[in-house]
Amino acid sequence: MAETNIDYKKILGVGSLGGPTLLNSWVEDDGVRIGVFAREKTGKSHFALTAPPPIILFDVGEHNHGELLKSMRKQNLKDEPILAGTYMIPPPGENSTSEAIARKFINDYHHIWLEKLYKNKIKATIVIDSGTMLWELFKNGLVPSMKGDGKGKSRDYGEANSSYYALFSQAKYYGQRLIVTARTSQVWVDNAPTDKWNADWQKFTPNHCDITLEIKKSLVMGADGKTNAQRLYTVTSCVANKDLERNGPINNESWPEMDYEQLMGLVENYER
């Protein structure tokens, strides 16, 4: 596979790209699915933008496309993401509006982007930012008994769950990389906050990912004696390397300032 000078703007009918990889022959089931979770402003989107281009961005409830472009320019990344769509999250209780937006997202994802990429034999990185807000949209729009308080009957979650899981299975089947980000929420015990934070997405999301990655910020002392914030990356699940999966969370192993390529190298080469 090599970079080409093909006019992707003309092929896809979207903004210009910087020369992504064109598949010489179509290979199904070779997409990697990554879930990335972290607290606000910790670097979830920053990590996603280091994946191979073209990056197809589904902006769900975050409305940070402009911020992502600024981040990319700071990183000197030339291949700016293609904005597949911006999907608002209606207030709780507006179920019909949520349903219409959820179904538009599903149609755009499956019947426009995946099919378009497949037809033109383009391998891309699809980024859903964020999975937290997408699951909120699916719950409000696809769970018939969902009320304004965010609670619905468990038996009514079938369509929301299956629609959410299909995003992962179809990306895998069509050979596309998929990165889904999520915010975290603090764990409380006995009415008191703890130092633990959980990913705020559909609870079985890690079961549908090949890799899940947690990003934290830690204060470190620099050589100049100043305290600086540093990102730390921990692999919390990994289908391809069970040693990495076991030892990451258990032994609190983490790595500083990781990008997509470094993560793939870690998954391939990690031994303990």
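The model is predicted: local features need pLDDT of at least 70, side-chain atom pairs count only at pLDDT 80 or more, and totals for chains, interfaces and linings use all residues. Residues are numbered from 1 along each chain as its sequence is written, and side-chain values use heavy atoms, with hydrogens and water left out.

## The chain as a whole

The chain has eight helices and ten strands. These elements are DSSP runs numbered from the N terminus, with helices (H or I) of at least four residues and strands (E) of at least two. Of the 272 residues, 45% count as buried. Buried means under 20% relative accessible area, exposed means over 50%, and partly exposed lies in between, using a 1.4 Å probe and protein chains only. Among contacts in the chain with a separation of 6 or more, 66% come from residues 24 or more positions apart. A contact means heavy atoms within 4.5 Å.

## Helix packing

Two packed helices are described by the angle between their axes and the distance between the axes. The axes are lines fitted to C-alpha atoms, for helices over the stretch in contact, and the angles run from 0 to 180 degrees between N-to-C directions.

Helix H4 (residues 95-119) and helix H6 (residues 158-173) have axes that come within 12 Å and cross at roughly 20 degrees. That makes H4 roughly parallel to H6, a label for angles under 35 degrees; over 145 counts as roughly antiparallel, 65 to 115 as roughly perpendicular and the rest as oblique. The crossing of H4 and H6 is left-handed. A crossing is left-handed if the near helix is turned anticlockwise from the far one by less than a right angle, and right-handed if clockwise. On the H4 side the contact is made by Arg 103, Phe 105, Ile 106, Tyr 109, His 110 and Leu 114, and on the H6 side by Glu 159, Ser 163, Ala 166, Leu 167, Gln 170 and Ala 171. By class, these residues are seven nonpolar, three polar and two charged. Ala, Val, Leu, Ile, Met, Phe, Trp, Tyr, Cys and Pro count as nonpolar, Asp, Glu, Lys and Arg as charged, and the others, Gly among them, as polar.

H6 also packs with helix H5 (residues 131-142), at an angle of about 145 degrees and with the axes 9 Å apart. The crossing of H5 and H6 is right-handed. H5 contributes Gly 131, Leu 134, Trp 135, Phe 138 and Leu 142 to the contact, while H6 contributes Glu 159, Ala 160, Asn 161, Ser 163, Tyr 164 and Leu 167. The residues of the contact of H5 with H6 divide into seven nonpolar, three polar and one charged.

Glu 99 belongs to helix H4. Glu 99 counts as partly exposed, at 32% relative accessibility. Leaving out residues up to four places away in sequence, Glu 99 touches Gly 141 and Leu 142. The C-alpha atoms of Glu 99 and Leu 137 are separated by 7.8 Å, although the two residues are 38 residues apart along the chain.

## Strand pairing

In a regular strand the side chains alternate between the two faces of the sheet. In strand E1 (residues 33-38), six of the six residues are buried, so E1 is largely enclosed by the rest of the structure. Arg 33, Gly 35 and Phe 37 point one way from E1, and Ile 34, Val 36 and Ala 38 point the other way.

Two strands pair if DSSP finds at least two bridges between them. The table lists two pairs.

| E1 (residues 33-38) and E5 (residues 177-182) | parallel | five | Gly 35 with Val 180 |

## Backbone features

The hairpin of E6 and E7 has two residues between the strands. Asp 190 lies in this loop and has a positive phi of about 55 degrees although it is not a glycine. Asp 190 is exposed, with a relative accessible area of 71%. Asn 191 is found in the loop between E6 and E7, is not a glycine either, and has a positive phi of about 65 degrees. At 77% relative accessibility, Asn 191 is exposed.

A cis peptide bond joins Pro 53 and Pro 54, with omega about -5 degrees. Pro 54 sits in the loop between helix H2 (44-48) and strand E2 (55-60). Another cis peptide bond joins Asp 129 and Ser 130, with omega about 15 degrees. Ser 130 is in the loop between strand E4 (125-129) and H5.
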